Amino acid sequence: MRHAPLVASAALLASVFGGLVTQHQLQPTAASWHWKLPAHFKAPRVPADNPMSEAKFQLGRRLFYDTRLSGNGTQSCASCHFQNLAFTDGKAVSTGSTGEETARNAPSIANSAWNPTLTWANYSILDLERHMLVPMFGENPVELGIDDSKRDLVLQRFRDDPDYRARFARVFGSGPEAISFAHLIQAIATFQRGVVSVNSRYDQYLAGTAVLTASEARGRALFFSEQAQCASCHSGPTFSDQYADVTTAVVRTPFHNNGLYNIDGKGAYPEPNRGILELSGKAADMGAFRTQSLRNVAVTAPYMHDGSIATLAAVLDHYAAHGQRSPLKDPRIDRIHLDDQDKADLIAFLETLTDEELLTSPRYANPFK
């Protein structure tokens with residue numbers, strides 16, 4: 001989930017999703033799935049044509065970790081999303097199955113069910129199903145590398161596997177079309193929606209079962225203060241101002257320029273990483289990216305859309321210095337005032353957002369190990 005803008009063509013969407021109507025009645029209903037969430041989380045929105053089920057989640061988990069999903073059989077989705085790193089990969093930018101580097105840093109898939117848009121800077125990708133077209137079929141950059149010459153080969157790998165045949169039949173019904181790209185994508189999207197991070201020490205604090213240290217408490221107060229301005233963008237249960245659940249009446253999808261670059265004195269960012277400008281063509285959108293969740297942020301270095309900042313301390317230094325002097329920068333950044341003690345306390349608080357259950361739970365782990 002870290003791509004240069006790609007808008008799927010109508011032909012590609014039709015070729016992948018066109019055959020779903022006859023299969024919908026075979027899918028398990030949402031009644032077979034139960035969200036286990038604390039009081040400060042509401043259930044996420046789920047597409048009506050891809051309801052959650054445990055069997056589909058487990059099928060998606062296998063597919064997520066299976067290298068047979070790539071054109072050359074060398075990479076899986078998990079090759080860029082490691083569980084112990086909160087489903088990031090620890091690199092500035094990722095490497096695709098053919099060795100080509102992506103343009104952007106790999107953000108976590110955890111809690112992606114609550115994201116109203118996907119990727120760093122594409123307001124046109126609104127659900128995980130459509131997003132999967134990018135890593136699977138995208139050509140710039142190549143990630144999983146499923147081009148026209150590999151499509152039948154990839155499907156045949158799963159059709160030849162008796163275990164997969166049984167799993168797909170259980171979820172999508174029997175027949176030759178049960179194992180299709182549309183169903184592969186639906187299963188993987190279901191797994192991704194089901195990867196939730198809601199049991200950090202901060203969540204336990206909100207539930208009254210844990211206590212913050214003095215430094216963590218000071219950091220929490222700072223985080224939500226006008227002085228630090230953190231919560232003006234990193235808000236809500238996911239610590240991102242792009243958030244939607246089943247109760248959300250108006251979905252907001254803001255994108256922000258955080259003053260990371262100003263290479264021409266007019267606010268320019270280096271190509272091809274210029275934010276939603278790449279899609280909108282509007283000069284005002286230069287450097288505007290989606291606010292990433294801060295959950296598990298202590299284990300997801302390096303930071304920013306291009307992985308250009310190595311540590312949390314350096315991130316806070318960037319904001320405390322108000323970033324670059326850019327005319328396109330979000331003006332709230334200039335209101336930030338942090339001394340060394342403030343930074344230390346903020347880091348202490350941010351570390352309480354690490355969810356050890358997410359990082360270690362067998363439920364999200366590689367089923368082939």
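**Close-ups of a predicted model**

**View 1. How confident is the predictor across the chain?** In this predicted model, the protein chain averages a pLDDT of 93, and 92% of the residues score at least 70. Residues 1–10 sit below 50, although this stretch has 43 contacts in the model beyond near neighbours in sequence. The pLDDT also stays under 50 over residues 19–29, which have 22 contacts beyond four places in sequence. Where pLDDT is low, the predicted coordinates should not be read in detail.

**View 2. Arg68 pairs up with Asp161.** Their side chains meet in a salt bridge, 3.1 Å from N to O. The partners are 93 residues apart: Arg68 lies in the loop between helix 2 and helix 3, and Asp161 in the loop between helix 5 and helix 6. Arg68 is partly exposed at 26% relative accessible area, while Asp161 is buried at 16%.

**View 3. Asp203 forms a salt bridge with Arg295.** Here the closest N and O atoms are 2.8 Å apart. Asp203 belongs to helix 8, whereas Arg295 is in the loop between strand 2 and helix 11. Asp203 is buried, with a relative accessible area of 3%, and Arg295 is buried too, at 5%.

**View 4. Helix 11 and helix 12 are linked by Asp317 and Lys343.** This salt bridge spans 2.8 Å, N to O. Asp317 is partly exposed at 39% relative accessibility, but Lys343 counts as buried at 16%.

View 5. Why does Asp345 count as buried? Because its relative accessibility is 2%, which is under the 20% cut-off. Leaving aside neighbours within four places in sequence, Asp345 is in contact with Ser215, Arg218 and Gly219.

Key:
Residues numbered from 1 in each chain as written. Predicted model: local features only at pLDDT ≥ 70, side-chain atom pairs only at ≥ 80, totals over all residues. Heavy atoms only, no water. Buried < 20%, exposed > 50% of the residue type's maximum accessible area, 1.4 Å probe, protein only. Contact = heavy atoms within 4.5 Å. pLDDT = per-residue confidence, 0-100. Salt bridge = Lys/Arg side-chain N within 4 Å of Asp/Glu carboxyl O. Helix = DSSP H or I, 4+ residues; strand = E, 2+ residues; numbered from the N terminus.
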